[in-house]
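User: Hi! I'd like to learn how to read a protein model, starting with its sheet. Can you walk me through it?

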Amino acid sequence: MQHTLVMLVVNRPTVLNHIASLVSRRGYNITSIAAGSCEDPRMTRITLVVDSDPEGIVQVQKQLEKLVDTVSVANVTGIEPVVRELALIKVRADAAHRSAIVDIANIFRAKIEDVHRESMVLELSGTPEKINALILLLEDQGIIEITRTGLVAMARGEENSLD
């Protein structure tokens, strides 16, 4: 089962490496990791998606909380947070197929970021399911390249994800 952990850590060069090492040493796979600045420039907010059984994720969370640079860790899996991901998808787009790709992009509200004679780059942000659905439709056109940011998550409403 996939679990989504949201972390606040001190912004230091080795923190991300320590987190990834800790999770992998416990024998779990990180399926997504996203890190970036947040409301406090001295801190980094990390969203980590880990394949783990429920008991294992509790142990991983406890271990992450013990790291020196960790300020807080929360498992937001059960609270239905706002979850988004960004994807850039380069697809074959000769003149004969370009309008079909534009139609698909419009259905998903994807932005067309780059157009060349034989290719287009689409940008889409949304849930992983939405991105997967777009990719599925674009496969018939011929996908050249895909890059995804990894999940970011935040609690809904007025509460802080890490409270």
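This is a predicted model: local features need pLDDT of at least 70, side-chain atom pairs count only at pLDDT 80 or more; totals for chains, interfaces and linings use all residues.

User: Okay, so in what order do the 4 strands of the open sheet come?

Analyst: The order is β2-β3-β1-β4, and the pairing is antiparallel. At the edges sit β2 (29–37) and β4 (70–75), each pairing on one side only. From one strand to the next, the twist averages 15°.

User: Over how many bridges do β1 and β4 pair?

Analyst: Strand β1 (residues 2–10) pairs with β4 over 5 bridges, in the antiparallel sense.

User: Which strands does helix α1 touch?

Analyst: Helix α1 (residues 15–25) packs on the sheet and touches β1, β2 and β3 (43–51). The direction of α1 makes about 20° with that of β3. Helix α2 (residues 54–66) packs on the sheet too, touching β1, β3 and β4, and its direction makes about 165° with that of β4.

User: Now helix α3. Which of its residues are buried?

Analyst: Buried means under 20% relative accessible area. In α3 (residues 98–108), that goes for I101, I104, A105 and F108. Looking down the axis of α3, these buried residues fall within an arc of 100°, so they line one face of the helix. S99, N106 and I107, on the other side, are exposed.

User: What covers the buried residues of α3?

Analyst: The cover includes β5 (82–92), β6 (111–115), β7 (119–126) and α4 (128–138). Just after α3, look at R109 as well: it takes a positive phi of about 60°.

Terms used: Residues are numbered from 1 along each chain as its sequence is written. Side-chain values use heavy atoms; hydrogens and water are left out. Buried means under 20% relative accessible area, exposed over 50%, partly exposed in between (1.4 Å probe, protein chains only). Helices (H or I, at least four residues) and strands (E, at least two) are DSSP runs, numbered from the N terminus. The arc is that of the directions from the helix axis to the C-beta atoms. Contact means heavy atoms within 4.5 Å. Two strands pair if DSSP finds at least two bridges between them. Axes are lines fitted to C-alpha atoms, for helices over the stretch in contact, and angles run from 0 to 180 degrees between N-to-C directions.
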